[in-house]
Amino acid sequence: MQPPMRILITGANGQLGRALQAALSDHHVIPVAHDTLDVGADYSVDAIVALFPELVIHAAAMTNVDACERNPDEAYRVNALGAKHIAQACAELNAPLVYVGTDYIFDGLKGEPYLETDAANPISVYGRTKLEGENFARALVPKHYIVRTSWVYARGRNNFVTKILALAAERPRLNVVNTEFSSPTYAPDLAQAIVALVSHPQYGTYHLSNEGVTSRFDYARAILDEAGQANYPLDHP
Ligand SMILES: NC(=O)c1ccc[n+]([C@@H]2O[C@H](COP(=O)([O-])OP(=O)(O)OC[C@H]3O[C@@H](n4cnc5c(N)ncnc54)[C@H](OP(=O)(O)O)[C@@H]3O)[C@@H](O)[C@H]2O)c1
């Protein structure tokens, strides 16, 4: 049994941030939400240091992939510089850092699940800025965990599940791509896996997702079936 630690969580009100707060109830959690700290601002380094965390879990990010594409400067500021600031604070404190990364750093051409050792080749602004964030974490904090995950969802939050259900309520039929594949991951499961990881420190890069692989199309079909809409018409391009 580990003694309680002071664990700071950025993006504390996001899907993963909330799940982490619940999973870390044995520790002294310092939840830091967007409205109290903008990780992209320079002052965030000193603000984090002043809170004296013993471990930082950086779950804050600009996660809207389309918004990142429309505003690459802001995506870089939040996802890359934000990670840099958090990493600088950890380096100053000699505190380990969990950086939460994404499968969007890969180009998707491999045709099978990616391994930690596969080369990154992002094809979107979101993927590129999240990879830059990873690289800052790796370069600045020797005690880092890079935790890459995929298609995160949680109850009552904004995600693919809620998006499909909302669109199906508005439109007579939907078109969903069947060429994108990944592993939907339940935020509370991911939070438990991160807690297990930091309980037995082995720093490095990890892929943590729920089991199984699906396409966006099959995922949408399963969501609608589970919601009692098995007859809702779904097409793919
Ligand atoms: N969601 C996914 O499918 C997915 C997949 C792979 C990896 N990830 C990664 O997993 C981590 C957690 O994602 P999530 O699903 O929990 O996303 P989320 O629900 O969108 O949470 C992200 C949080 O970051 C906050 N944030 C945004 N800009 C910020 C800023 N400048 N300063 C401080 N906080 C800011 C957001 O606050 P506001 O909402 O107030 O802006 C939100 O609370 C992220 O690093 C993400 O890149 C997510």
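Two residues are in contact here if their C-beta atoms, placed from the backbone, lie within 7 Å. Helices (H or I, at least four residues) and strands (E, at least two) are DSSP runs, numbered from the N terminus. This is a predicted model, in which local features need pLDDT of at least 70 and side-chain atom pairs count only at pLDDT 80 or more, while totals for chains, interfaces and linings use all residues. Residue numbers start from 1 along each chain as its sequence is written.

**Two helix pairs**

Let's start with helix 6 and helix 8. On the helix 6 side, Phe-160, Val-161, Ile-164, Leu-165 and Ala-168 meet Tyr-219, Ala-220, Ile-223 and Leu-224 of helix 8. This contact divides into nine nonpolar, no polar and no charged residues. For these classes, Ala, Val, Leu, Ile, Met, Phe, Trp, Tyr, Cys and Pro count as nonpolar, Asp, Glu, Lys and Arg as charged, and the others, Gly among them, as polar.

The table sets out the geometry of both pairs. Axes are lines fitted to C-alpha atoms, for helices over the stretch in contact, and angles run from 0 to 180 degrees between N-to-C directions.

| Helix pair | Axes come within | Crossing angle |
|---|---|---|
| Helix 6 (residues 160–170) and helix 8 (residues 216–226) | 10 Å | roughly 70° |
| Helix 4 and helix 5 (residues 125–140) | 8 Å | roughly 15° |

Helix 4 is therefore roughly parallel to helix 5, whereas helix 6 and helix 8 are roughly perpendicular to each other. Angles under 35 degrees count as roughly parallel, over 145 as roughly antiparallel, 65 to 115 as roughly perpendicular and the rest as oblique.

The contact between helix 4 and helix 5 includes Pro-72, Tyr-76 and Lys-84 from helix 4, and Val-125, Glu-132 and Phe-136 from helix 5. By class, this contact has 12 nonpolar, five polar and three charged residues.

**A residue in helix 8**

Asp-218 also belongs to helix 8. Asp-218 is partly exposed, because 15 other C-beta atoms lie within 10 Å; a residue is buried at 20 or more such atoms, exposed at 12 or fewer, and partly exposed in between, with C-beta atoms placed from the backbone. Val-177 is 41 residues from Asp-218 along the chain, and their C-alpha atoms are separated by 9.2 Å.

**Around the ligand**

The ligand is surrounded by 26 residues, and the closest are Gly-11, Gly-14, His-34, Ala-60 and Ala-61. A residue is near a molecule if its C-beta atom, placed from the backbone, lies within 6 Å of it. Helix 1 (15–23), helix 4 (72–93) and strand 4 (97–102) each supply at least two residues of this shell. Helix 1 gives the largest share, three residues. The shell has 11 nonpolar, 12 polar and three charged residues.
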